[in-house]
Amino acid sequence: MGGKIDRSVLDGKGPPCFKISGENYHRIGSLLPPPGTIGNYVQLYICDTENEIHNRLSVMRNRGSNLEVHTSIVQGLKTMLDNLNSYVQVFRCARDALHHDSGANLHIRILHSRDNRQYIRPTANEIAALIVGNDTNVVGCRDIIVCKNNGYLKRISETHPSYTPLQYPLLFPYELRRLPSQRIEDRPDIAARIFRMKHKQLMKLFRDKKFFGNVLAADQDKPITPEDIDEFIYAEIPDKNGDPLAYETVVRSMVHGPCGPHNPNAPCMVDGKCSKHYPKKFSNQTTIDEDGFVSYRRRNNPSNTVNINGVEIDNRWIVPYSRDLLVLFNAHINVEKCASSKSTKYMYKYTYKGTDMATIVIENNVDNPQNIGEQMYRHVDEIKQYLDCRYVSAIEACWRIYEFELQKQYPSVERL
């Protein structure tokens, strides 16, 4: 029985009595019985209906009933309910769906990227959500009810520690307790929290401790000469013996690719060339051209290289970085000198480009008659059967679940 039950009205004398507040309803529980058991109640309408009459009689016998029930009577009642009771017919539809459509063999294919940066194909092996449309609907309070081991149902709030792994089981497959032997992609919740902590610390470092000088810098605070730039920005592999911590961090986080002939399918490859123009050219000193573009120092040092995936990596493959920031945050942090006011576009394009999107096709897998057991997909007309979806990665989902800031502008400006 559902509803809000108050049993305090009985003081121990007289027949059992309780008070119900609000709407009363009947809890039907799970539609399928636990594995290895015979169903009862509403489960008999859905599970093992070929032996439904026998199962109904067995349930009665197991409860200690001494009444002799004729099979023909139970069969007649079953036939009557199937024909006349609309609720029973709903459960029969659930039975038919379970038996006749146990699961279509489908797969989702994300189409090639468009020119728009919203449609960049994902390169990481991750769990993601695809939401048809642009996902502009606002979701209110969520209502979630769990079933305890004793069979009773319990409503929990969004602040309950079990809510997150129950509501988002694919994002939190290991609940919130298991940590050993887990990879970073297994815990996007922890990754989101750590990234936010590092981001807040980084902003504090810039604003309060003036890591690169005054935030609202005058000309005398800006790195102008090549010597000034070399003081903050590096584009070389550190010495393994002289600075082992920086060496390990650069090799792990600041190596581009390798791409080109070493990996022609790399995400940066466009028309057979690296869109980021790697590998760069060797240079014994930092130079600044007439347009203000900086070419960082990348000395040719054959004795200071590293082998990654069978490719010999030298200074030409290193993404510019700040040594102190890299060691402090142990993360990929690309540091560059802005060449012109056009860099403002780079700062704001991720803010105003919109959400990540993906164009997908849902296709049927069919058996290959020539190779038993292998699967192939049937080609379809992408113009007619494609879906335009919002792409939500696991890390973005966690970031939004925790309601972390997506962007911030100071001072605050509201368009009238």
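Me: Where does Pro279 lie?
Reply: Pro279 sits in the loop between strand 8 (273–274) and strand 9 (287–288). Helices (H or I, at least four residues) and strands (E, at least two) are DSSP runs, numbered from the N terminus. This is a predicted model, where local features need pLDDT of at least 70, side-chain atom pairs count only at pLDDT 80 or more, and totals for chains, interfaces and linings use all residues. Residues are numbered from 1 along each chain as its sequence is written, and side-chain values use heavy atoms, with hydrogens and water left out.

Me: What is the omega of the peptide bond from Tyr278 to Pro279?
Reply: Omega is near 0 degrees, and this bond is cis. The bond from Gly257 to Pro258 is cis too, with omega near 5 degrees. Pro258 is in the loop between helix 7 (244–253) and strand 7 (269–270). Most peptide bonds are trans.

Me: What is the phi of His277?
Reply: Phi is near 65 degrees, and His277 is not a glycine. Most residues other than glycine have a negative phi. His277 is found in the loop between strand 8 and strand 9. Asp271 also has a positive phi, about 55 degrees, and is not a glycine. Asp271 lies in the loop between strand 7 and strand 8.

Me: How do you know whether Cys274 is buried or exposed?
Reply: Cys274 has a relative accessible area of 10%, so Cys274 is buried. Cys47 has 25% and therefore counts as partly exposed.

Me: How many disulfides does the structure hold?
Reply: The count is 0. A disulfide is a pair of cysteine sulfur atoms within 2.5 Å. For Cys274, the nearest cysteine sulfur is that of Cys259, 3.7 Å away. Cys274 is therefore in no disulfide.

Me: What makes a set of residues a nonpolar core?
Reply: The members are buried Ala, Val, Leu, Ile, Met, Phe, Trp, Tyr and Cys residues, joined through side-chain atoms within 4.5 Å. The largest such core here has 21 residues, and Cys259, Val306 and Ile313 touch the most other members. Helix 7, strand 11 (306–308) and strand 12 (311–313) each give this core at least two residues. Helix 7 supplies the largest share, 3 residues. A second, separate core has 11 residues, among them Leu202, Ala235, Leu325 and Val335.

Me: Which residues is Val306 in contact with, leaving aside its neighbours within four places in sequence?
Reply: Contact means heavy atoms within 4.5 Å. The partners of Val306 are Ile237, Tyr247, Val251, Val311, Glu312 and Ile313.

Me: At what angle do the axes of helix 1 and helix 2 cross?
Reply: Helix 1 (residues 52–62) and helix 2 (residues 71–84) cross at roughly 115 degrees, and their axes come within 10 Å. Axes are lines fitted to C-alpha atoms, for helices over the stretch in contact, and angles run from 0 to 180 degrees between N-to-C directions.

Me: Which residues of helix 1 and helix 2 make the contact?
Reply: Helix 1 brings Glu52, Ile53, Arg56 and Leu57, while helix 2 brings Thr71, Val74, Gln75 and Lys78. The classes are 3 nonpolar, 2 polar and 3 charged residues. Ala, Val, Leu, Ile, Met, Phe, Trp, Tyr, Cys and Pro count as nonpolar, Asp, Glu, Lys and Arg as charged, and the others, Gly among them, as polar.

Me: How do you know whether Cys398 is buried or exposed?
Reply: The relative accessible area of Cys398 is 0%, so Cys398 is buried. Cys398 belongs to helix 11 (residues 394–401). Ile190 is 208 residues away from Cys398 in sequence, yet 8.9 Å away in space, C-alpha to C-alpha.

Me: Where does Lys337 lie?
Reply: Lys337 is in the loop between helix 8 (323–329) and helix 9 (343–352). Its relative accessibility is 25%, so Lys337 counts as partly exposed. Not counting residues up to four places away in sequence, Lys337 touches Pro223, Ile229, Ile233, Val294 and Tyr296.

Me: How many helices and strands does the chain have?
Reply: The chain has 11 helices and 15 strands. Of its 416 residues, 26% count as buried.

Key: Buried < 20%, exposed > 50% of the residue type's maximum accessible area, 1.4 Å probe, protein only.
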